[in-house]
Amino acid sequence: MIAGTIFLYFVENLDFVDALYCVCSTVTTLGYGDKSFSTTIGRAFAVFWILSSTICLAQSFAYLAELYTEERQKSLVKMVLERKLSLFDLEAADLDGDHVVSATEFVLYKLKEMGKINQEDILIVMDIFRKLDFDKSGTLTKLISDILNHLNHRHAYCIMNFNLYFNICHRYHLLYTIAAFLRVPVGPVL
């Protein structure tokens with residue numbers, strides 16, 4: 001906005017108030033038309049300046065909206081974590097209907113309540129889990145190599161691309177990390 005005001009003041013010979021008025025009406029896309037760029041050099045400048053300044057203003061509004069959204073999300077999380085549980089909450093957290101709320105059910109319920117995840121997210125992850133649960137025990141008990149061998153083509157492709165960007169040490173570290181997370185014993189590699 002400053003560049004446009006200075007340009008209009010010095011090149012287009014508008015007084016300061018008119019230059020600022022023209023800049024504000026142009027950047028906010030109101031464009032009343034009563035003040036405008038009248039010289040050839042002014043119009044050439046306007047082509048680039050209007051586009052860039054309007055984008056900058058839009059980004060500023062988007063940033064402000066994001067700040068407001070983040071603050072609302074933080075207050076929602078605080079409210080969800082601080083409020084007392086009711087019988088309704090416990091019934092809603094019992095996802096499998098067995099009248100027992102496991103730690104997993106409780107965490108999922110709270111994350112959904114905070115707006116961090118939704119039912120679609122859970123269904124996608126559960127679908128992946130079902131594909132990895134070879135023995136249908138409800139747990140992942142196979143070795144990590146068996147799990148990686150049975151991933152569908154899309155996941156295998158992602159892992160192959162992932163491995164292209166990291167050296168062998170990082171790959172083995174990743175496998176050990178996954179194995180440790182799944183509590184699967186892995187022998188020495190190499």
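In which hand of crossing does helix 2 pass helix 3? Helix 2 passes helix 3 in a right-handed crossing; a crossing is right-handed if the near helix is turned clockwise from the far one by less than a right angle, and left-handed if anticlockwise.

The structure is a predicted model, in which local features need pLDDT of at least 70 and side-chain atom pairs count only at pLDDT 80 or more, while totals for chains, interfaces and linings use all residues. Residues are numbered from 1 along each chain as its sequence is written, and side-chain values use heavy atoms, with hydrogens and water left out.

**Overall architecture**

The protein has 9 helices and 0 strands, and its elements run α-α-α-α-α-α-α-α-α from the N terminus on. Helices (H or I, at least four residues) and strands (E, at least two) are DSSP runs, numbered from the N terminus. Of the 190 residues in the protein, 18% are buried, where buried means under 20% relative accessible area, exposed over 50% and partly exposed in between (1.4 Å probe, protein chains only). Contact is defined as heavy atoms within 4.5 Å. Among contacts between residues at least 6 apart in sequence, 41% join residues at least 24 apart.

**Helix packing**

Two packed helices are described by the angle between their axes and the distance between the axes. Axes are lines fitted to C-alpha atoms, for helices over the stretch in contact, and angles run from 0 to 180 degrees between N-to-C directions.

| Helix pair | Angle | Axes |
|---|---|---|
| Helix 2 and helix 3 | roughly 70 degrees | within 9 Å |
| Helix 1 and helix 3 | about 175 degrees | 11 Å apart |

The axes of helix 2 and helix 3 cross at roughly 70 degrees, which makes helix 2 roughly perpendicular to helix 3. Helix 1 and helix 3 pack at about 175 degrees, and helix 1 is therefore roughly antiparallel to helix 3. Angles under 35 degrees count as roughly parallel, over 145 as roughly antiparallel, 65 to 115 as roughly perpendicular and the rest as oblique.

From helix 2, Val23, Thr26 and Val27 meet Trp49, Ile50, Ser53, Thr54 and Leu57 of helix 3. This contact of helix 2 with helix 3 comprises 5 nonpolar, 3 polar and no charged residues. Ala, Val, Leu, Ile, Met, Phe, Trp, Tyr, Cys and Pro count as nonpolar, Asp, Glu, Lys and Arg as charged, and the others, Gly among them, as polar.

**Nonpolar core**

A nonpolar core is a set of buried Ala, Val, Leu, Ile, Met, Phe, Trp, Tyr and Cys residues joined through side-chain atoms within 4.5 Å. The largest one has 10 residues: Phe7, Leu8, Leu14, Ala19, Cys22, Val23, Val27, Phe37, Ala46 and Trp49. Helix 1 (2-10), helix 2 (16-27) and helix 3 (40-82) each supply at least two residues of this core, and the largest share, 4 residues, comes from helix 2.

**Individual residues**

Leucine 14 lies in the loop between helix 1 and helix 2 and is buried, with a relative accessible area of 16%. Leaving aside neighbours within four places in sequence, leucine 14 is in contact with Leu8, Tyr9, Ala19 and Lys35. Its C-alpha atom is separated by 9.6 Å from that of serine 36, 22 residues apart along the chain.

Threonine 5, in helix 1, counts as buried at 7% relative accessibility. Not counting residues up to four places away in sequence, threonine 5 touches Phe16, Ala19, Leu20 and Val23. With the same exclusion, valine 23 touches Met1, Gly4, Thr5, Leu8 and Trp49.
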